[in-house]
Amino acid sequence: PPEPASDAPRAFAALAANVEARLSASRTLADALALFVDAYGPLFGEIQPAARATREALATYLRERGRPESLASLLRGVPSAATDRARRAAAVAATIDPDERTAAVAAYVERFGDEAPVWDVATPTYAEDPGALVRLTTPSAPPAHAPPGSLPSDGAALLQAARAAAAVAEDDDLLYARLQARVRAALLREGRRLQAANLLARPDDVFWLPLELVLRDARGEAPLSLAAVTHAIAQGRAAHDAALADPPPLSGARAGWDARAGGVRGRPASSGRALGPAHLHDPSRPKDLPPNAILIARTLLPTE
């Protein structure tokens, strides 16, 4: 069963400690995948729902008591990986001197180098390609840490728990990135091995191969041939191109065109509601958004 809502921070801390201990012992692709699966289950099946339930409990408290405070205002500025990430990204963007810029990038990569511009194991991390970080960031002021709001005594403990849960909901991104980066590194090691065997032109071509083929080859159960690799890569590229040419429509319970509201309906990345012009996010073409703009993105980190 899921962890109790109030235990989300404790459960996350225990999971993070377990992951860090196992990362040092992870040697093979199978090890990296096993760790990813073992952490993914409790992270998104238990801890995240528990943290979300705590925040929803606070929202219910505010609504039932007619409190004027918004959930977003009470949870704003919670110290977390997200606020640290945004602060370091702002330092990179605001620095003009080349030496200072290099130092700011190094400071960012030291903490968040396992992350990448998108959640895709085939995308180089910022540690591999720090230039991607520089291309994404635009000058901005460092994030301000808002002081915690206050509630009457009957809601004070709930507010404290909700703020701790909000931090967990942000810190999980960094933990997930560490898990994904370990899988990526293991796949690239297999890619270099296959390249040395003259089966791949480049190590990162391994991302076009079905995972099971790579695993069976790594275990020596079904060695790959050049013909099999060439065929699998061609199929992978064709499937990728077909998916790009025919993306799924915005439909279903969580996304779609809402005729009554006259706009796009989807699951928001932040709490609260807003009305404004919608802008599709394109990380390759940063631009200033007008006031009250709503950003629509496939995936987004505060760095972007």
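Visitor: Before anything else, what counts as a helix here?
Guide: A helix is a DSSP run of H or I with at least four residues, and helices are numbered from the N terminus. The model itself is predicted.

Visitor: Where is Ala57 found, then?
Guide: Ala57 belongs to helix H2, which covers residues 29-64.

Visitor: Is Ala57 buried, exposed or partly exposed?
Guide: Its relative accessible area is 32%, so Ala57 is classed as partly exposed; that class lies between the 20% and 50% limits.

Visitor: How far is the C-alpha atom of Ala57 from that of Leu158?
Guide: The separation between these two C-alpha atoms is 7.7 Å, although Ala57 and Leu158 stand 101 residues apart along the chain.

Visitor: Turning to the largest nonpolar core, how many residues does it have?
Guide: That core has 38 residues, and Val19 and Leu209 are those with the most contacts inside it.

Visitor: And which helices each supply at least two residues of this core?
Guide: They are H1 (8-23), H2, H7 (153-196), H8 (211-218) and H9 (226-245).

Visitor: What is Val19 in contact with, sequence neighbours aside?
Guide: With neighbours within four places in sequence set aside, Val19 is in contact with Leu35, Ala39, Leu175 and Leu179.

Visitor: Which residues line the largest cavity?
Guide: The lining consists of Asp114, Ala116, Asp120, Val121, Thr123, Thr125, Ala177, Gln180, Ala181 and Arg184. By type, the lining has 4 nonpolar, 3 polar and 3 charged residues.

Visitor: Last one: what is the phi of Asn198?
Guide: Phi of Asn198 is near 65°, a positive value in a residue other than glycine. Asn198 lies in the loop between H7 and H8.

Visitor: Is Asn198 buried or exposed?
Guide: Asn198 is exposed, since its relative accessible area is 63% and the exposed class begins over 50%.

Key. Residues are numbered from 1 along each chain as its sequence is written. This is a predicted model: local features need pLDDT of at least 70, side-chain atom pairs count only at pLDDT 80 or more; totals for chains, interfaces and linings use all residues. Side-chain values use heavy atoms; hydrogens and water are left out. On a 1 Å grid over the protein atoms alone, a cavity is a set of points where a 1.4 Å probe fits but cannot get out, and a pocket is an open set with protein on both sides within 12 Å along at least five of seven lines; lining residues have an atom within 4 Å of a point. Ala, Val, Leu, Ile, Met, Phe, Trp, Tyr, Cys and Pro count as nonpolar, Asp, Glu, Lys and Arg as charged, and the others, Gly among them, as polar. Buried means under 20% relative accessible area, exposed over 50%, partly exposed in between (1.4 Å probe, protein chains only). A nonpolar core is a set of buried Ala, Val, Leu, Ile, Met, Phe, Trp, Tyr and Cys residues joined through side-chain atoms within 4.5 Å. Contact means heavy atoms within 4.5 Å.
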